Amino acid sequence: MEHSKVSPSESQGKEDMSQNHPPDKETNLETPSSPRHRKVVARWDPAEAQRPIIDEAPVFYPSLEEFEDTLTYIEKIRPLAESFGICRIIPPSTWTPTCRLKEKCIWENTKFPTRIQNVDLLQNRGPMKKPKSRKRKRRRNSRMGSSRRRTGTGSGSESVSSPENEEKFGFNSGSDFTLEEFEKYARYFRDSYFEKKDSVGDTKWTPSVEEIEGEYWRIVEQPTDEVEVYYGADLESGVLGSGFPKGIETLTGSGDMDQYITSGWNLNNLPRLPGSVLSFEHCDISGVLVPWLYVGMCFSSFCWHVEDHHLYSLNYHHFGEPKVWYGIPGSHATALEKVMRKHLPELFKEQPDLLHGLVTQFSPSLLKEEGVPVYRVVQNAGEYVLTFPRAYHAGFNCGFNCAEAVNVAPVDWLSHGQNAVELYSKETRKTSLSHDKLLLGAAREGIKSLRELSTPGKENRKNLRWKSFCGKNGTLTNAIQARVRMEEERISALENEFSFMKMEKDFDSNCERECFSCFYDLHLAASGCKCSPDEYACLKHADKLCSCEGNDRFVLVRYDIDELRSLVRALEGETDDLNIWASKMGIEPIQDQTETQNGKSSFGSSTVTPNADSVIGEEKKVKEDPFDLNVDLQMDDIAETVAKEEEVSTSYGVPMTNFGATVEPINLGYLVFGKLWCNKHAIFPKGFKSRVKFLNVIDPTRISSYISEVVDAGLLGPLFKVTMEESPWESFSNVSAQNCWEMVLQRVNEQQHRLSSPPLDSIDGSEMFGFRSPSIIQAIEALDPNHRLGGGRKIRSGRHVH
């Protein structure tokens with residue numbers, strides 16, 4: 001989602017504007033030196049263009065059928081698109097919602113506030129507390145306006161009015177505009193800035209996206225002139241409202257109009273769609289659950305940032321000129337922060353949380369040079385841009401346009417959201433959401449769905465979707481289990497010093513409860529003391545609340561550890577635990593299951609089914625022969641055999657030529673018949689997933705679990721992905737299993753070097769995936785009884801040769 005930050009003095013400015021702004025269209029509170037009153041004299045300099053040369057992010061074209069279910073489609077494209085951090089989605093040609101902002105009463109009469117952005121100060125500026133003269137080589141004398149650069153919180157300030165105004169760079173309040181007025185101003189600015197003169201006189205023309213992009217980065221990277229523009233950013237619903245039709249009261253009975261009112265692609269509906277855990281947040285959080293509008297002009301910018309709580313975001317371009325986006329994968333977020341700190345040390349020294357301010361732009365070319373993968377998207381009217389968890393993104397507008405954006409949280413976001421709240425706690429940063437409320441809300445929905453599906457004939461799209469997140473190793477089950485482990489460790493550290501008691505059900509119903517020290521949300525547990533009845537701490541900071549001893553200090557828990565462990569078993573499908581939690585949550589308990597497979601509850605296993613055709617849209621695909629896909633029931637037996645065959649040869653901090661791997665299979669997946677899906681050594685089933693232990697890439701003195709998986713990259717064939725289970729943002733993707741694990745090894749060796757420990761010599765990627773395990777090979781080969789995959793025959797003749 002786009003964001004731009006209000007400067008510290010801006011809210012007061014908005015108050016004054018709302019009280020004193022007269023109704024006359026041409027009147028505003030800005031001085032004669034403001035952009036609106038000045039002649040545009042800065043000019044395009046094509047000879048100094050700084051257009052970054054970077055790869056394009058993927059573009060997806062959903063079919064009409066795929067477009068019907070928004071979250072299913074996002075889930076479908078995620079395996080490929082997430083490794084880019086950003087992607088573009090072009091709806092079917094029939095998707096043509098009318099934008100209500102073009103209605104005359106809004107277009108001509110409704111005003112919205114703007115901010116003034118100094119484009120030339122987005123990257124190249126000095127600290128605010130220690131103003132320095134800006135030493136520029138001015139190749140031209142022309143500037144926007146006649147005044148020299150002022151030092152203050154942002155453009156438009158007449159002078160430095162107070163010490164507070166010097167603390168942070170920001171965007172000051174600009175004029176109020178109607179959409180009609182803003183379009184005229186934006187057109188005037190771009191025509192003037194890119195004006196061409198010939199022997200006859202001025203010639204009006206339209207610059208290309210590439211020409212605007214080259215000039216934009218020239219201004220940002222090598223500023224020679226002051227360039228100030230307006231941006232109507234983060235406009236809440238009470239200002240212009242949504243561009244999409246909304247509300248059941250507006251349903252007309254006409255299929256053509258009603259499809260846009262009810263669609264999941266209508267951003268008013270997206271956050272709370274079934275399957276989005278934001279549906280368990282009951283407050284309408286502006287910008288997160290309620291869309292924001294963005295009205296842009298040429299060069300108006302949204303600077304590098306990640307979404308609150310590392311949520312997904314979806315942006316729709318209603319009308320106007322293109323938007324240019326840049327994105328990086330979430331797995332490289334730390335790398336981006338490191339590079340920006342390296343190149344902008346003074347700004348970060350003055351303001352350590354600089355990137356939270358959303359007012360700093362940074363060259364994609366520099367990021368690329370420093371090894372950070374950056375991808376580009378050009379979003380046109382009628383198109384969507386999707387950003388993934390913790391994927392930094394930034395960009396600018398090529399002219400007058402209007403877009404709308406909101407957040408969404410598919411179930412796979414839960415692990416990213418957990419990481420976000422732990423990071424916020426370390427940074428002493430307030431949260432916008434109670435992550436534990438969302439987590440428990442999702443758990444309730446999972447248990448409710450498992451109960452419903454115990455009764456024949458109760459299947460529907462919603463409960464089948466939630467069932468797919470449950471079971472052993474289900475996405476939801478794993479998220480709950482990780483949270484329970486975290487809570488168990490924190491509680492065990494306090495058991496001898498604190499008394500434990502049950503938390504009142506409405507402990508945080510009527511007010512937010514957060515840690516006095518780090519602002520951690522206290523929905524699940526809170527520590528307190530009789531000496532401070534109105535203050536609480538999280539379990540990490542319980543000892544910091546006070547110095548009291550004895551029985552005065554206590555810990556309130558919503559559920560004890562035994563209950564939380566039972567919750568995990570319930571989501572795995574254990575009947576007794578399902579009954580217990582159905583009762584706790586006010587859901588009718590299920591009856592004992594009579595249908596079992598291999599002595600297990602039917603909820604404890606899953607049937608692997610092939611996904612739909614590749615999301616890239618291959619025109620021709622070999623039709624697969626039917627074969628028994630119910631392979632997950634063998635997993636426990638295979639894992640037991642693997643454990644007998646191989647021994648873990650890990651040693652902490654000791655160099656190893658090859659890391660002996662015990663690989664636990666999670667899912668065998670299913671076969672795709674094509675030459676890219678096997679080689680002379682192995683077959684690579686789509687959806688294959690395994691777990692293996694290896695040195696932690698952050699702290700190599702520890703051993704951690706990694707998930708290795710094979711996903712579909714469309715025409716590129718299989719994409720191999722390795723993720724550190726406890727830190728899912730540490731993820732590595734490549735088109736080969738060997739390269740994938742070599743990336744992990746490289747990260748480990750970097751940390752080994754930092755610790756002055758000897759590096760590991762090499763690693764066998766196929767072994768780490770499990771493709772050298774005889775038991776796993778045998779199970780995969782059983783999927784191909786007719787030996788249709790050529791690589792399979794070679795595997796049988798030489799699978800024991802390493």
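Where is the place of isoleucine 780? Select helix α20, residues 774-781, and you will find isoleucine 780 there. Keep in mind as you go that this is a predicted model.

**Stop one: isoleucine 780**

Show the side chain of isoleucine 780 first. With a relative accessible area of 4%, isoleucine 780 is buried, because buried here means under 20%.

**Stop two: the largest nonpolar core**

Now move to the largest nonpolar core, which has 88 residues. Good ones to highlight are Val277, Tyr384, Leu386, Leu414, Ile447, Leu476 and Ile480, the residues with the most contacts inside this core. Then colour helix α12, residues 435-452, which supplies the largest share of the core with seven residues. For a close look, pick leucine 476: not counting residues up to four places away in sequence, leucine 476 touches Val411, Leu414, Ala442, Ala443, Gly446, Trp466, Phe469, Cys470 and Leu571. Another core, of 68 residues, lies apart from the largest one, and Val40, Phe112, Leu240 and Cys298 are among its members. As background, nonpolar side chains in soluble globular proteins tend to be buried together.

**Stop three: α11 against α12**

The crossing of α11 past α12 is left-handed. To see what touches, select Leu414, Gly417, Gln418 and Val421 on α11, together with His435, Asp436, Leu439 and Ala442 on α12. Colour this contact by class and you get four nonpolar, three polar and one charged residues.

**Stop four: α15 against α16**

Finally, select helix α15 (residues 561-572) and helix α16 (residues 575-584). How do their axes lie? They are 8 Å apart, and the helices pack at an angle of about 115°, which makes α15 roughly perpendicular to α16. Here too, the crossing is left-handed as α15 passes α16. From α15, the contact uses Glu563, Ser566, Leu567, Arg569 and Ala570; from α16, show Asp577, Leu578, Trp581 and Lys584. These contact residues divide into four nonpolar, one polar and four charged.

Note on methods
Residues numbered from 1 in each chain as written. Predicted model: local features only at pLDDT ≥ 70, side-chain atom pairs only at ≥ 80, totals over all residues. Heavy atoms only, no water. Axes fitted to C-alpha atoms, helices over the stretch in contact; angles between N-to-C directions. Helix = DSSP H or I, 4+ residues; strand = E, 2+ residues; numbered from the N terminus. Parallel < 35°, antiparallel > 145°, perpendicular 65-115°, else oblique. Left-handed = near helix turned anticlockwise from the far one by under 90°. Contact = heavy atoms within 4.5 Å. Nonpolar A, V, L, I, M, F, W, Y, C, P; charged D, E, K, R; others polar. Core = buried A, V, L, I, M, F, W, Y, C linked by side-chain atoms within 4.5 Å. Buried < 20%, exposed > 50% of the residue type's maximum accessible area, 1.4 Å probe, protein only.
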